[in-house]
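Hello,

Here is the structure you were going to look at. My notes on it follow below the sequence and coordinates.

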Amino acid sequence: MKTLQVELNERSYPIYIGQGLLDRAELLTNHISGQQVMIVTNEMIAPLYLGKIRQGLKSYQCESIILPDGEQYKTLEVLNKIFDALLANRFDRSATLIALGGGVIGDTAGFAAACYQRGVPFIQVPTTLLAQVDSSVGGKTGVNHPLGKNMIGAFYQPRCVIADTEVLKTLDNRQLYAGIAEVIKYGLIRDQTFFEWLESNIDALLQRDAAALTYVIEQSCINKAEIVAADEKEGGIRALLNLGHTFGHAIETGLGYGSWLHGEAVAAGMCLAAELSHRLDWLSAQDVMRIVALVRRARLPHQVPAELSGERLLELMAVDKKVKSGKLRLILLKSIGQGVICEDIDANMILASIEASRSCP
Ligand SMILES: NC(=O)c1ccc[n+]([C@@H]2O[C@H](COP(=O)([O-])OP(=O)(O)OC[C@H]3O[C@@H](n4cnc5c(N)ncnc54)[C@H](O)[C@@H]3O)[C@@H](O)[C@H]2O)c1
Ligand SMILES: [Zn+2]
C-alpha cells in the first residue's frame, strides 16, 4: 500500500492506494471518531461492495442509503434524501459519512457532510478511476443545477481517501477511459514526463495492467495533492485543474447530464483548449497532434458533439462558474506540461477553434 498526504495544516489527510484495501477495515475505523456511520452509495455499487464495507463496521451504528445511479441524480432532491436518512436515524454531529462510489456519489455525499449539522466528518472510498485520480481528492463537493453543473457546493475536505485498485475490475471500459481523460490532464498542465509516460504506456493502461493503473493513480494523486496544498480554494493555480472543463461542462449541460460522460466531455474540451493554444502561437501544431493522438488512443472523443453549435457552446460557457467578473476564464497550454490561466480570450477565436476542431481528422 502507498500512502500519500494532502498537506492542509489541521485539515491534512492521507490517501491510501493499493490492492484489496476494502478488506482492511482499520483504514476506515482509524478515521471514525463517533459511533454512527452512514454509508452513501448507489444501486450499482451496493451489491458489489457495500457488504464488504459493512462487514468491517459491525461495532458501529451503521446505516446505508442507496441512491439512484447517474449524473442526472446529482441534484438537491437527492441530497435531501441523504438528510432525510440521517435525521430519520437520529444521527448527531459525531456521525461520519462514507462516500462509496464514483465522483457523483463522492461529490453528493461530501456536500451532504459539509451541510449536515453544519459539517460532519466524511471519508471518500472512490470506486471509479476518475474518482480515484481526481474527484475524491481536494475537497470540492456539490451538486448540479439544471442551469449549470456543480453550481451548488462547498469546499469540504475528507478525513481520508481509500483507493482500492481491486474495485476497478468491475468498472466498464467506457468509464475507465473517461478516468484516463483526467489523468492526461495532469500531464498537460504540469507534468511533461508523465504525459510522455502515458504516450508510451497507454496500451498497458487500457488493458488494465495492475502496475500501470497503480502508477497512474499515484502520479495523479501526487499532482492533485500538490496543487490543492498550494491553493485549496482555487484562488490561483488550482484553476489549472479546469483544463478542458469550461468547454466540457458546456458539452455536458448542453447535451443533458449523463449523455456524454464527464471525462469524455473533458477530453474533447482539452483538445479544443490545445487548438486554441495553437492559435495563440503557444502550442506547436505537432504538439496539438500529439494531444489529439493520445486522447484518441484512450478511446476518448476529440471533437465537440455535432449537435451543439459554436454559439450554443459559448452561451453555455458563460454560465460556467469559471467566468470571473464577466470575463471568460480559460485554461490553455503554453506547452505540453505547462498550463496557463487566461482571461479575456476573444469569443471569435474560440468559435474559430471550435470549427477547426470539428474538421480535425
Ligand atoms: N470534486 C471534484 O474535484 C471532481 C473532479 C472531477 C470530477 N468530478 C465529478 O465526478 C463526476 C464523475 O464521476 P465518475 O466518472 O466517477 O462517474 P459516476 O460516479 O457516475 O460513476 C460512473 C459509473 O460507474 C459506476 N461504478 C462506480 N464504481 C464502479 C465499480 N467499481 N464497478 C462498476 N461500476 C462502478 C457508477 O455507478 C456509475 O454508473 C462528475 O459529476 C464530475 O463533475 C468532481
Ligand atoms: Zn473533471
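I start with one histidine: H262 counts as buried, at 17% relative accessibility, the cut-off for buried being under 20%. Please keep in mind that this is a predicted model, so the figures here are computed from it.

Zinc site

H262 is one of the residues that hold the zinc ion (ligand 2). The zinc ion is coordinated by E182 through OE, and by H245 and H262 through NE2, at 1.9 to 2.1 Å. Along the sequence these donor residues follow the spacing E-x62-H-x16-H. H245 belongs to helix α9 (residues 245-255) and H262 to helix α10 (residues 262-279), so the two histidines tie together parts that are 17 residues apart in sequence. H245 is buried too, with a relative accessible area of 6%.

Ligand 1

The shell around ligand 1 consists of 27 residues, and the closest are E71, G103, T127, T128 and T170. By type, the shell residues divide into eight nonpolar, 10 polar and nine charged. Several elements each supply at least two residues of this shell: the helices α2 (46-55), α4 (103-115), α5 (129-135) and α6 (173-190), and the strand β8 (148-155).

- T127: an N or O atom of its side chain is 2.7 Å from a nitrogen atom of ligand 1.
- T128: an N or O atom of its side chain is 2.6 Å from an oxygen atom of ligand 1.
- K149: an N or O atom of its side chain is 2.8 Å from an oxygen atom of ligand 1.

On its own, ligand 1 has 870 Å² of accessible area, and the protein covers 91% of that.

The chain as a whole

The secondary structure of the chain comes to 13 helices and 12 strands. Its radius of gyration is 20 Å, close to the 21 Å given by the globule rule for 361 residues, so the chain is as compact as a globular protein of that length. Taken along the principal axes, the C-alpha atoms fill a box of roughly 60 × 40 × 35 Å. Of the 361 residues in the chain, 58% are buried, and both H245 and H262 are buried residues.

Regards

Notes
Residues are numbered from 1 along each chain as its sequence is written. Chains are lettered from A and ligands numbered from 1 in the order in which they are written. This is a predicted model: local features need pLDDT of at least 70, side-chain atom pairs count only at pLDDT 80 or more; totals for chains, interfaces and linings use all residues. Side-chain values use heavy atoms; hydrogens and water are left out. Donors are N, O and S atoms within 2.8 Å of the metal (3.2 Å for Na, K and Ca); water is not among the atoms, so sites may look incomplete. Helices (H or I, at least four residues) and strands (E, at least two) are DSSP runs, numbered from the N terminus. Buried means under 20% relative accessible area, exposed over 50%, partly exposed in between (1.4 Å probe, protein chains only). A residue is near a molecule or strand if one of its heavy atoms lies within 4 Å of it. A polar contact is a pair of N or O atoms within 3.5 Å; within protein, one must be able to donate a hydrogen and the other to accept it, and residues adjacent in sequence count only if both atoms are side-chain atoms. Accessible areas come from the Shrake-Rupley method with a 1.4 Å probe; for residues, only the protein chains shown count as cover. Ala, Val, Leu, Ile, Met, Phe, Trp, Tyr, Cys and Pro count as nonpolar, Asp, Glu, Lys and Arg as charged, and the others, Gly among them, as polar. The radius of gyration is taken over C-alpha atoms; the globule rule is 2.2 Å times the number of residues to the power 0.38.
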